[in-house]
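Me: I'm new to reading protein structures. Could you walk me through one, feature by feature?

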Amino acid sequence: LDVPKATEPRGDSDGPRRGSLCDRHCAAINNVQGDLSDLGPHLHRPRVLPAMSPPSCCQQHSEEVCESCVVKTTLTAENVVEANKLSNNYKFGFKKWKSHVTARPWEDRSEIVKELYSDLNVIRGSGGSTVTCGNVLYLLLFGWWLSFIYVLMAAMMFITIVGAPYGRLCWDLAGYFLWPFGKVIQKVEVPKSHRALGTCEAGAETSGAGESSALLGGPVPRRWRPWCWADGRHWQRAGAVVWLCLGYPMLVLAHGLVCVTAWLLVVLIPVAKLNARTITRVLLLPPEQVVVRRLRMTEVPLEGEVILCCYRAVNPYYYKYAVDGINVFAVNLLPLVLVTLVLGYVDSHNRLTSSPIKFTLALLSIMPLSYYIGMAIASISAQSNFAVGAVVNATFGSITELTFYITALIKGSREGNRCYAEIVKSALTGTLVGCVLFVPGLCMVIGGIRHQEQRFNSRSAGVSSALLFLSVGGVFAPTLFSKVYGKLVCGECHNVTQNPLGHYLCHNCHFDLMENNGTLYYSHVQPLVYTVSLLLPAAYLIGLFFTLKTHTHIYDIHISGCHMPGHHHSAVVHWSRWRALVILLLSTLCMSACADLATEHISPILTNSTISQYFIGVTVLAMVPELPEIVNGIQFALQNNLSLSIEIGNCIAVQVCMLQIPILVLFTIFYPTNFTLVFSDLHVYASMFSVVLMNYIFMDGKCDYFQGTVLVMVYFILLAVYFFAPSPSGC
């Protein structure tokens, strides 16, 4: 529920008056609300906002003094852990995470969400016709052949004679699974006189007993009981053995196939629940206790336990479904990781699949692993103090990208192929440009569909923008230095005018830094690279100290409890710190393996593809690992919290320049590779233009879908430039 409750733009004189008299009075009056600077690791419980509005303090002072008194953004949290997570979202350098890290109280959930987690055993009133598109889709996909299998099982059970009761059950279930909507499967208790199956009188009494109900629509069907002429108890045991050996395994396979397929389709999860409950409950009950009935529109209560009652096969809201705090899509993609690892390392000679398929699978496997890493980082940070959270975010925040970059550089060094280094540079530039243009632009467009105008904290965005300007200037400083002092060398030159003094047309030109045994590079460019690689992390640490210690007030965030006093809910975390740490380490290990497979099988794509290697690097390799972050940004924008959507892109871009690139430079010191901090002109111009445009858009602290469209269009224009650009030299 991290939705801003009230946000108003601050005045133009906001910055210089932070230490004014009004600020001190506002802090004194509103100290019960708590500020982000006071929240930190010292928050002991969520606090409820008083009825007094923040601007009331301004009435006690003159207009000149109170220009900086503003309404601050108020966020709600159910417990201490969620409050820590919300505050971490607004801290520079911390991963922004939308999903809850604790279990939400059941009474706080909407009716739509409650229905997602409810069992299919609740009888509701009249909900209209059961003939819907989703139900017809169930009939076409599963209903007809599942019903046919039950008919075959019924015939088989009747042939065995001892399994005749189960045959009757299969016949009833055949009609149920053909169209289960508006029907109910009920467990009824059999009287003791019916359990004494040794005499024909008891069997006759059983078959003559009829039950009827206006709700259930008529008498209960009578069942043939062949044990009247034999020892009923032995007959039942023989029928159960036949059922468990012949009928039940086949039906488990059929229902299991339906269950897995429906679960993977997500919107058909009700069908998956229906089949799972059939396997675990219905098919294991004695046949005389299972009754299939059709509901009628009346309010007469049922007699007996309701096992299954389904009305709809499709529910589009199941994209919100989570298993132990993990989104259903991340759960469904987890088996893909196992398939990728098995195929990649078992089929090393590409006998089962080709290299492009393995590369695609490895790249898709990075998405769920990025989600698990993000969830683990958010869980550990929310349950730990500030120091531990900062260390975890700094250590594992960029682990996804760094894993791929390092494995690519190692492979390129072993093969002596400079193309891998160029691909890494393209991926770095693509991440920078995508997070500066595409991520905030897409969030503005999608958020603008619901909100006409969205406002954000321009001061906090200004801090990230300043760091971004600094980082871009530092990263491309060696490139600009090489352009000024390097020697231009061309591969092919042709005399156009046939005159030795005429014009020459040259191709494949670049600045050579290795002239005179690399004197320019080793004496000037390389020391500059090392200097920049030391200054950029230092600037990042200064930004952390500025935003998290000395100037925390620029975020203007209050965290309050959403429950009234006396109704406080204790935190029930999805992942404990140790469990989150284990998942984080395992996900990082699997990420390394998938990155190794991706770089191992990217060679055929680079050599045989007609698409520029620049385009592959700036799109697929750069943006696929960022998909979980993009989804988080969209969710924040839909809830009118554009500040976090913008900060997601800015923080990733800053980490690319200030952390990832210096780490790669440090790696090349200990493991020599072909990676040098000299980028092509296309990378330099695209990055600088993107940063300038982003700062121009974010200047006034408000935006709409039109400005987001501009950012997205510029991003696609740059992609078109990369698409038609020739491949880099060495590829």
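Me: Is E629 buried or exposed?

Reply: The cut-off for buried is under 20% relative accessible area. E629 has 11%, so E629 is buried.

Me: And how about L257, buried or exposed?

Reply: L257 has 51% relative accessibility, so L257 is exposed. L257 is part of helix α9 (residues 232-264). Between L257 and A272 there are 9.4 Å in space, C-alpha to C-alpha, and 15 residues in sequence.

Me: Where do nonpolar side chains tend to be in soluble globular proteins?

Reply: As a general idea, they tend to be buried together. In this model, the largest nonpolar core has 126 residues, and L437 and L621 are those with the most contacts inside it. Helix α15 (residues 419-450) gives the most to this core, namely 17 residues.

Me: What does L621 touch, not counting residues up to four places away in sequence?

Reply: L621 touches F359, L363, F404, I423, A427, I602 and I616, again skipping residues up to four places away in sequence. Apart from that core lies another one, of 42 residues, including L169, F177, W179 and W243.

Me: Which residues make a nonpolar surface patch?

Reply: I112, Y317, Y319 and F329 make one of about 380 Å². Take Y319: its place is the loop between β4 (305-310) and β5 (322-323).

Me: How should I read the predicted coordinates where pLDDT is low?

Reply: Not in detail, as a general rule. The chain averages a pLDDT of 77, and 74% of the residues score at least 70. Over residues 1-71, though, pLDDT stays under 50, and the model has 124 contacts beyond four places in sequence for them. Residues 195-230 also stay under 50, and for them the model has 67 contacts beyond four places in sequence.

Technical notes: Residues are numbered from 1 along each chain as its sequence is written. This is a predicted model: local features need pLDDT of at least 70, side-chain atom pairs count only at pLDDT 80 or more; totals for chains, interfaces and linings use all residues. Side-chain values use heavy atoms; hydrogens and water are left out. Patches are made of residues with over 30% relative accessible area and no salt bridge: like charges are joined within 9 Å, nonpolar side chains (Val, Leu, Ile, Met, Phe, Trp, Tyr) within 5 Å. Accessible areas come from the Shrake-Rupley method with a 1.4 Å probe; for residues, only the protein chains shown count as cover. A salt bridge is a side-chain nitrogen of Lys or Arg within 4 Å of a carboxyl oxygen of Asp or Glu. Helices (H or I, at least four residues) and strands (E, at least two) are DSSP runs, numbered from the N terminus. A nonpolar core is a set of buried Ala, Val, Leu, Ile, Met, Phe, Trp, Tyr and Cys residues joined through side-chain atoms within 4.5 Å. Buried means under 20% relative accessible area, exposed over 50%, partly exposed in between (1.4 Å probe, protein chains only). Contact means heavy atoms within 4.5 Å. pLDDT is the predictor's confidence in each residue, from 0 to 100.
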